[in-house]
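Subject: Structure for you to look at

Hello,

Here is the structure I promised to hand over. Please open it first, then read the notes below.

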Amino acid sequence: MGQRRSRVGALAAALCTALVLAGCGGGGTAGPGGGSLAAVDLSGATFAVGSKEFTEQIVLGEIAVQALQATGATVKPLTTITGTTNVRTALTSGALDMYWEYSGTGWSTHLKREVKDAPKDPVQLYDQVKQADAANGVAWLAMAPLNNSYAMGISEAKSKELNITTMSQYATYATQNAGQASICAAAEFLTRDDGLPGVAKTYGFAVPPVAVAELELSLVPPETAKAQRCLIGEITTTDGAVSANKLLVLTDDKKAFFDYNAAMTVRKQVLDANPKLADVFNPIAAKLTTDAVRALNEKVDVGGELPEDVAKEWLQQNGFVA
Amino acid sequence: MTIAVEQLDVGLRRRTALGWLVTPAVLVAVLVALWLIVAGRQLDSIEERRVNLAFIGVAAMEHLTLTAVSTLLVLVIAIPLGVLLTRPSARRITGPALAVFNVGQAIPSIGLLVILAIVWDVGFWPAVVALVAYSALPVLRNTMVGIQQVDESVVESGRGMGLSRLQVLTRIELPLAVPVILTGLRTALVINVGTATIAALVNAGGFGGIIITGLVQNRQLVTLVGSVLTAVLALAIDYLGRVAEEVLRPRGL
């Protein structure tokens with residue numbers, strides 16, 4: 001009798017767990033509810049939203065997906081595509097309808113313009129990119145204050161030991177200690193014109209092959225923190241991994257890295273057919289500051305939270321969704 | 001993962017001298033064609049950083065070193081172990097030992113590299129460990145199969161002639177197993193050339209660096225160059241392996 005009861009009990013517990021898990025699963029059948037986005041009506045429309053592969057892009061992508069769902073639209077998430085050029089190609093070829101891009105990346109990678117010709121003012125840079133990209137069939141919605149530029153990071157210990165807190169100091173060190181100066185980075189930064197090649201040119205230090213440790217992007221911050229294989233490493237200013245690995249951001253005193261303000265890029269046809277997309281993303285962009293987004297990234301990279309949960313929380317806290 | 005067991009069809013597989021020249025000629029032709037394609041294009045700044053002789057040369061050396069060292073380690077680990085596992089006294093550990101090697105091959109190499117990066121380090125030696133784990137199984141199995149497929153009657157006649165167990169092993173079983181073992185080794189070499197492309201993710205260099213850049217930056221030419229070079233290297237090593245098999249095949253087989 002006791003055995004049968006415990007078996008029934010176990011079955012009931014399993015069923016309950018399964019139901020609870022089913023209820024918890026997945027992000028997205030939220031229909032229009034409270035919050036400011038509920039006032040925008042995009043029901044009946046379907047959008048494919050993409051993103052690049054790093055945490056910030058995944059979080060921003062999730063914000064976009066959930067924001068659109070709150071307006072009643074159906075959303076196809078195509079996040080975590082590796083490589084800027086691949087996401088952009090997906091956009092221009094029609095596989096994607098929109099994704100968050102950065103003004104600096106638009107200038108150097110998509111418009112293929114020289115880094116040295118870029119306007120120093122972030123708003124001017126954004127305006128020029130927006131104007132020029134219209135010819136490519138890509139529309140840029142409002143720019144966010146969020147400036148996620150490339151930067152070089154160094155472990156706090158090495159920074160104190162060698163007294164390196166700016167890029168110029170690193171350049172001096174690299175030139176005087178050719179054997180010891182080395183850089184951890186992933187393939188994209190190593191080959192982009194506005195990546196390491198541009199930095200080395202601006203600061204005037206050489207980058208012999210032995211001074212480069214090419215790694216998978218996610219391995220760069222931990223290896224930079226270990227400071228064995230490299231002295232400095234490729235990071236971005238809002239990267240959660242910076243604080244997770246106790247890295248110091250080297251000051252870009254000669255402004256080798258220009259501005260990378262985030263903005264939603266949409267295929268022109270999609271925007272023309274759905275002009276209300278601007279009403280969805282412009283208010284969101286206004287609230288995306290560098291500090292706010294860094295905090296979101298840290299929640300994922302340091303706190304271990306899921307991007308969907310972080311995105312939902314942020315949208316709720318800012319009154320976009322209920 | 002199928003075992004490539006060489007068919008011992010004596011005499012039929014002997015090629016003419018000219019036949020042996022076909023593969024190198026094809027590989028050289030492919031390289032020439034690749035060069036012509038690259039030379040005919042104006043490379044942009046990103047392509048230039050990877051498709052240049054200096055970078056390719058260094059990548060080739062790194063790739064060869066990774067392949068050579070990992071295959072040598074596989075040879076040293078898997079062949080003696082394979083011989084041991086065919087001994088009657090090892091009957092009980094054969095199952096578990098094979099399971100370990102099966103797992104080594106089943107774990108995706110990139111997953112293994114990440115685990116090693118977390119618990120140990122990145123760089124050349126973790127990459128070699130991942131390569132050894134992946135390619136040890138074929139060599140092990142081929143060694144075991146090679147020895148086990150030696151005709152029982154030949155072994156018995158050896159014992160009958162008064163040879164000790166060890167002498168039977170070294171004078172009869174191993175020489176007869178050499179073709180199969182060498183095939184396994186050749187398989188491991190070719191596997192390692194292909195798998196070594198992921199070594200670029202952990203700062204161990206190789207052709208993978210070229211391929212990864214091409215993929216991330218969406219530059220088809222770069223991807224093509226990296227992939228073709230890797231394939232040519234794999235085929236060249238396979239060819240050299242066949243030559244070695246031919247040369248090292250014991251007389252009378």
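A definition to start: two strands pair if DSSP finds at least two bridges between them. Keep in mind that this is a predicted model.

Chain A has a case that rests on that definition. Strand E6 (residues 183-185) of chain A and strand E8 (residues 232-236) of chain A are joined by two bridges. The two strands run parallel. Look for Ile183(A): opposite it, in E8(A), stands Ile232(A).

Both strands belong to an open sheet of five strands in chain A. The order is E7-E6-E8-E5-E9, and the pairing is mixed. Which strands stand at the edges? They are strand E7 (212-214) and strand E9 (247-249) of chain A. Each has a single partner strand, so one side of each has no neighbour in the sheet. On average, neighbouring strands of this sheet are turned by 35° against each other, direction ignored.

Strand E1 (residues 46-50) of chain A pairs with strand E2 (residues 74-78) of chain A. Five bridges hold this pairing, and its sense is parallel.

Next, chain B. Helix H1 (residues 22-39) of chain B and helix H10 (residues 220-248) of chain B have axes that come within 10 Å. They cross at roughly 165°. Angles over 145 degrees count as roughly antiparallel, so H1(B) is roughly antiparallel to H10(B). The crossing is left-handed.

Which residues meet there? From H1(B), they include Leu27(B), Leu31(B) and Leu34(B). From H10(B), they include Val228(B), Val232(B) and Leu235(B). By class, this contact of H1(B) with H10(B) has 12 nonpolar residues, one polar and no charged.

Last, the two chains together. Their contact takes 18 residues from chain A and 19 residues from chain B. On the side of chain B that touches chain A, helix H2 (45-50) and helix H9 (208-216) of chain B are the elements that give two or more residues. H9(B) provides the largest share, five residues. That side of chain B divides into 10 nonpolar, seven polar and two charged residues.

Best wishes

How values were computed: Residues are numbered from 1 along each chain as its sequence is written. Chains are lettered from A and ligands numbered from 1 in the order in which they are written. This is a predicted model: local features need pLDDT of at least 70, side-chain atom pairs count only at pLDDT 80 or more; totals for chains, interfaces and linings use all residues. Two residues are in contact if their C-beta atoms, placed from the backbone, lie within 7 Å. Helices (H or I, at least four residues) and strands (E, at least two) are DSSP runs, numbered from the N terminus. Ala, Val, Leu, Ile, Met, Phe, Trp, Tyr, Cys and Pro count as nonpolar, Asp, Glu, Lys and Arg as charged, and the others, Gly among them, as polar. Axes are lines fitted to C-alpha atoms, for helices over the stretch in contact, and angles run from 0 to 180 degrees between N-to-C directions. Angles under 35 degrees count as roughly parallel, over 145 as roughly antiparallel, 65 to 115 as roughly perpendicular and the rest as oblique. A crossing is left-handed if the near helix is turned anticlockwise from the far one by less than a right angle, and right-handed if clockwise.
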